Amino acid sequence: MRTTLNLSAALATEAKARAAAEGLTFTSFIEEALREHLAKRPSPAPSEPLPTFGDPRTSRFLVNIDDRDALWDALEETSTR
């Protein structure tokens, strides 16, 4: 799967150098590091659901957080008040 990560320049440079030193591609180095990190940390316990605003009986909420554009619009509207 292709994805984009935003890394600091220093972290990316160090990771690329380490990958080269170990004879790995940058991608395989990051995959291996992520696998190791995930293997040693248990998954967090599910937290309580976040509060919602709107009318749950009608499934009409003020903002659908799955809709990124609607979420940004709501945030911008709130900041201009």
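Predicted model: local features only at pLDDT ≥ 70, side-chain atom pairs only at ≥ 80, totals over all residues.
I started with the classes in the lining of the largest pocket: 7 nonpolar, 3 polar and 2 charged residues. Nonpolar here means Ala, Val, Leu, Ile, Met, Phe, Trp, Tyr, Cys and Pro; Asp, Glu, Lys and Arg are charged, and the others, Gly among them, are polar.

Residues are numbered from 1 along each chain as its sequence is written, and side-chain values use heavy atoms, with hydrogens and water left out.

Next I looked up who lines that pocket, and the list includes Met-1, Arg-2, Phe-26 and Glu-31. A pocket is an open set of points on a 1 Å grid over the protein atoms alone, where a 1.4 Å probe fits, with protein on both sides within 12 Å along at least five of seven lines; lining residues have an atom within 4 Å of a point.

Then I checked Phe-26 again: Lys-16 lies over its face, 5.5 Å from the ring centre. The rule asks for NZ of Lys or CZ of Arg within 6 Å of the ring centre and within 35 degrees of the ring normal.

How many residues of the chain count as buried? I found 5% of the 81, with buried meaning under 20% relative accessible area (1.4 Å probe, protein chains only).

Last, confidence: the chain averages a pLDDT of 83, and 80% of the residues score at least 70. pLDDT is the predictor's confidence in each residue, from 0 to 100.

Technical notes. Buried < 20%, exposed > 50% of the residue type's maximum accessible area, 1.4 Å probe, protein only.
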